[in-house]
Amino acid sequence: MYIIEMRNITKIFPGIIANDDITLQLQKGEIHALLGENGAGKSTLMSVLFGLYTQESGDIYKNEEKISIKGPNDATKYGIGMVHQHFKLVHNFTVLENIILGVETTKRGVLQMDKARTRVVELSERYGLSVDPDAYISDITVGMQQRVEILKMLYRENEILIFDEPTAVLTPQEIDELMSIMKELIAEGKSILFITHKLDEIKRVANRCTVLRRGKYVGTVDVDTTDVETMSEMMVGRKVSRTVDKPDASLGDVVMEVRNLTVNSKLHNKSVVNNVSFDVKAGEIVCIAGIDGNGQSELVYAITGIEPASSGSISLNGKHIANIPIRERSKAGLAHIPEDRHRHGLVLDYNLAYNLILEKYYTPRFQKSGFLRFSEIYSFSDMLIEKFDIRSGEGSHTPTRSMSGGNQQKAIVARELDMNPNLLVAVQPTRGLDIGAIEYIHKQIINARTNGSGVLLVSLELDEVMNISDRILVMFEGEIVADVDPKQVTFAELGLYMSGAKRDEVAV
Amino acid sequence: MRTFIQRRQAGILSLLSTLIVIIAGLTIGFIVLLISDSEQAWTAFWTILSFGLRTMRNVGDVLLSATPIILTGLSVTFAFKTGLFNIGAAGQFAFGGFVAIYIGVVGADYIIMPAWISWTGLEAIPPIAPPLRIILSIVGAALAGALWGAIPGLLKAYRNVHEVITSIMTNYIAMYLISWIIQNTIIDIAPFTTQSLPADSNLPTMGLEYIFREPLGAGFRTSNVNIGILIAVAIAILVYIILNRTTFGYELKACGYNKDAAKYAGINQNKNIVRSMMICGAIAGIGGALNFMNGTGLSMTASPALAAEGFIGISVAFLGLTNPIGVIFSGVFVSYLFLGGARIQPFGFSLELVEIVISVIIYFCAFVLLVKTNIGKLIFRRKD
């Protein structure tokens with residue numbers, strides 16, 4: 001008997017079948033992973049279960065009894081709770097207020113906070129979810145916010161807990177903690193649906209795993225008896241190499257020269273990038289490694305022109321670019337895959353074609369005396385879609401907002417690489433993407449290097465840093481503390497540099 | 001590829017949702033009439049619904065009074081596409097109107113030069129020929145509106161002050177400033193308004209009076225409708241072309257949808273904010289000019305007053321789904337209601353009640369986007 005069974009679910013969106021006849025069976029007391037690439041239909045399936053979407057066909061059963069879920073309130077009624085990828089918390093409320101929101105205990109219209117507090121404290125002790133009930137959400141870490149989300153589900157006495165990509169926003173330590181919390185939860189009799197595309201996490205906690213690919217059901221496997229390679233093949237539909245094939249670097253001239261660059265923070269008057277100097281050569285991938293928040297973003301902002309540098313110089317092929325407008329930098333051959341693709345990378349309300357010409361719309365190819373040349377725009381867009389395999393419901397006309405994260409990122413990569421840049425600045429280009437897309441984007445970055453572009457890659461993922469870079473610079477508290485060769489450095493050593501425990505004098 | 005069917009569906013959806021809110025608004029308006037006077041309600045309601053179509057002259061009058069609100073509606077629409085909310089159309093409209101009247105009145109006569117430039121030998125400027133005077137009035141109005149729109153634009157772009165706040169304030173400044181200037185220049189003391197425009201300072205009718213007229217005795221009573229409505233339609237089409245066909249429109253909309261991405265793409269957002277606000281101001285300013293140059297002898301009050309057309313423009317813009325072509329229709333519709341509404345006073349309804357009924361209908365129309373989202377889900381869910 002299954003505590004939740006989704007039988008033959010089909011959900012259709014305009015132009016795309018998001019879920020095509022999918023069956024998912026959750027046993028009581030198991031952690032059931034739902035594995036698939038971006039756009040495979042995992043989130044859609046969970047939204048159907050949580051009542052956010054209504055399926056076109058198929059039924060949901062709880063303990064063999066058919067149930068109908070029309071909205072999140074119904075889901076709560078049947079004991080289904082969900083931790084969304086982007087938390088649904090009120091930032092200027094306290095932890096306690098967020099937990100009870102919607103299910104407040106009141107007496108004649110007055111909140112009974114004491115009772116609620118006792119229960120929250122009791123729950124957090126029982127499951128080892130340490131939180132401060134009186135802290136404001138805006139003041140606590142992302143890891144703690146996630147614990148608040150979990151407590152919300154427990155407070156509502158949910159027995160089926162859905163975790164939508166819960167580890168995407170966590171540090172390695174927080175991930176360890178979450179994994180042990182999840183094990184604790186099933187020990188207490190809860191059942192968990194765990195949406196992810198990270199195979200090692202599935203190996204660590206899940207009992208069974210259902211794999212989806214492009215909206216279709218691929219299979220359900222027992223995690224203990226299935227190896228990672230098999231699962232990844234099921235997910236992607238072909239064999240995936242987890243290491244990157246990379247020809248040896250053939251270094252050219254210096255493309256970018258950064259000297260004594262200092263960037264002051266907008267918030268306070270301290271420097272967040274402090275007197276940084278380095279070079280990037282043609283045909284070289286230089287990676288900036290470091291723990292998030294050590295000045296990497298600000299360094300990139302100064303190079304790309306999003307924020308001004310406070311002092312120092314940046315030159316691109318001998319041209320000083322530190323004080324020129326973004327448009328001029330782009331004309332000088334600077335391409336930028338931004339850290340936040342929704343904020344900087346795309347105009348989500350424009351269609352795909354309009355986004356693909358975002359930095360070229362003003363060139364004679366796409367406009368004639370101020371009028372857009374639509375046939376050129378759409379044929380260019382169709383060409384890039386074909387060349388970079390960008391998948392979407394309606395091709396060039398697809399509203400970008402409706403595309404999956406991986407394909408949005410592919411669109412940005414396509415647009416930037418089509419510039420044949422002298423220097424490509426790529427910031428966390430694979431964040432939140434699945435194995436197939438990561439492999440693809442790595443290949444494209446290496447292609448750019450082969451074609452003679454210099455690449456400055458900022459990454460928080462050590463695997464990525466070690467795999468594709470030719471040289472690693474480690475940033476700590478706004479300074480470059482190491483300049484090392486990935487072939488000669490170990491993970492442990494990088495960790496020491498990143499945490500500030502070790503530093504070299506780096507000279508250009 | 002996006003199919004023809006999907007595009008047609010989107011069009012049907014817009015039309016359908018607009019119809020639904022209009023019907024809902026009319027129903028509630030009718031209920032208000034019923035509460036007020038149940039015996040006369042039906043007659044009054046029928047008058048509101050049908051008056052604008054009863055004669056060709058009425059049709060002409062609908063178009064005449066639609067002209068200024070189409071333009072203020074376009075002004076709000078244009079700003080909205082750039083991510084700006086132009087509450088300042090009232091002030092821009094008033095400035096445009098004043099400058100148009102000023103040029104129309106002063107330019108019709110000899111302008112005596114002040115003594116301090118007598119050394120140039122120039123004593124007076126002769127009257128400006130009527131066609132040129134009319135063109136100058138419109139161009140002057142556009143410039144005045146553009147300058148007035150530039151103020152909130154500049155403050156937003158370079159000092160990051162929200163344009164809603166500054167454009168509300170510029171409305172009040174315009175209101176008092178214009179009152180003061182009128183009192184010191186082209187005042188007509190007895191009605192306390194500007195002097196009336198000479199007949200040849202008004203917009204030509206180009207024969208429209210032969211279409212929009214009704215029989216009266218042996219002759220005809222004609223509407224004052226003039227080429228203003230054609231200018232308004234032309235500007236709506238121009239706005240549509242700018243927004244959808246040009247690189248300028250591409251930049252403006254990119255700034256409106258996502259200013260960070262626009263900056264990333266190297267688009268100078270500050271420059272575009274100022275440009276956009278100036279264009280909005282110019283459109284509203286032309287609205288002011290066409291409003292007063294309509295040949296009805298309408299003059300501008302010298303008492304401080306906010307131009308209602310500026311605020312009606314906001315409703316017109318949203319009822320037209322912030323689509324420039326939609327704004328033409330919503331402007332005509334709102335004007336139609338006002339004209340019919342004004343005719344129910346004889347049935348014993350007070351002017352205030354008429355305004356309430358009209359406002360209720362327009363208020364409902366503001367829900368058009370809400371309805372569009374929801375019926376979209378209802379109707380097309382299964383079909384897709």
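How do the residues lining the largest cavity divide into nonpolar, polar and charged? Six are nonpolar, three are polar and two are charged. I'll come back to that cavity in a moment.

First, the ground rules. This is a predicted model. The predictor gives the complex an ipTM of 0.85 and a pTM of 0.77. Chain B has an average pLDDT of 89, and 96% of the residues score at least 70.

Now the cavities. The search gives three of 30 Å³ or more. Look at who lines it. From chain A we have Thr304, Ile306, Ile326, Arg329, Ser330, Leu334, Ala335, His336 and Glu359. From chain B come Tyr264 and Ala265. So much for the names; now the elements. In chain A, helix α10 (326–331) and strand β18 (334–337) each supply at least two residues of that lining.

Stay with β18(A). Which way do its side chains point? A:Leu334 and A:His336 point one way, and A:Ala335 and A:Ile337 the other. All four of these are buried. What does β18(A) pair with? Its partner is β21(A), residues 423–427. The pairing is parallel and runs over four bridges. Within it, A:Ile337 stands opposite A:Ala426.

On to the second largest cavity. About 70 Å³ of space here. The lining comprises A:Gly143, A:Gln146, A:Arg147, A:Ile150, A:Leu170, A:Glu174, A:Glu177, A:Leu178 and A:Ile181. Two helices of chain A, α5 (142–155) and α6 (172–187), each supply at least two of the lining residues. By class, we get four nonpolar, two polar and three charged.

Next, a pocket in place of a cavity. The second largest pocket has a volume of about 840 Å³. It is lined by 38 residues, and the closest to its centre are B:Pro68, B:Asn291, B:Leu298, B:Ala308 and B:Glu309. Which elements build the lining? These helices of chain B each give at least two residues: α3 (56–81), α4 (89–106), α6 (163–184), α11 (269–292), α12 (308–319), α13 (324–342) and α14 (351–365). The most comes from α3(B), with seven residues. By class, this lining has 21 nonpolar, twelve polar and five charged residues.

Back to chain A, for a sheet. It is open, with four strands in the order β14-β13-β16-β17, and the pairing is antiparallel. Which strands sit at the edges? They are β14 (271–281) and β17 (319–320) of chain A, each pairing on one side only. Take the β17 end. Strand β16(A), residues 311–316, is joined to β17(A) by two bridges. One residue to look at is A:Ser315, whose bridge partner in β17(A) is A:His320.

Last topic: salt bridges. How many are there over all chains? The search of the whole structure finds 35. I'll show you a few from chain A.

Start with A:Glu257 and A:Arg259. Their closest N and O atoms are 3.9 Å apart. A:Glu257 is at 33% relative accessibility, so it counts as partly exposed. A:Arg259 has a relative accessible area of 23%, so it is partly exposed as well.

Next, A:Arg415 and A:Glu416. This salt bridge is 3.0 Å, N to O. Are these residues buried or exposed? Both A:Arg415 and A:Glu416 are buried.

Then A:Arg503 and A:Glu479, a salt bridge at 2.7 Å, N to O. Why is this pair worth a look in sequence terms? A:Arg503 lies in the segment after α17(A), 491–498, and A:Glu479 lies in strand β24(A), residues 479–484, so the pair ties together parts that are 24 residues apart in sequence. A:Arg503 is at 45% relative accessibility and counts as partly exposed. A:Glu479, at 25%, is also partly exposed.

One more before I stop. Salt bridges with shared partners join A:Lys246, A:Arg449 and A:Asp470 into one network.

Methods
Residues are numbered from 1 along each chain as its sequence is written. Chains are lettered from A and ligands numbered from 1 in the order in which they are written. This is a predicted model: local features need pLDDT of at least 70, side-chain atom pairs count only at pLDDT 80 or more; totals for chains, interfaces and linings use all residues. Side-chain values use heavy atoms; hydrogens and water are left out. Two strands pair if DSSP finds at least two bridges between them. On a 1 Å grid over the protein atoms alone, a cavity is a set of points where a 1.4 Å probe fits but cannot get out, and a pocket is an open set with protein on both sides within 12 Å along at least five of seven lines; lining residues have an atom within 4 Å of a point. Grid points are joined across faces, edges and corners, and a volume is the space filled by probe spheres set on the points. Ala, Val, Leu, Ile, Met, Phe, Trp, Tyr, Cys and Pro count as nonpolar, Asp, Glu, Lys and Arg as charged, and the others, Gly among them, as polar. A salt bridge is a side-chain nitrogen of Lys or Arg within 4 Å of a carboxyl oxygen of Asp or Glu. Buried means under 20% relative accessible area, exposed over 50%, partly exposed in between (1.4 Å probe, protein chains only). pLDDT is the predictor's confidence in each residue, from 0 to 100.
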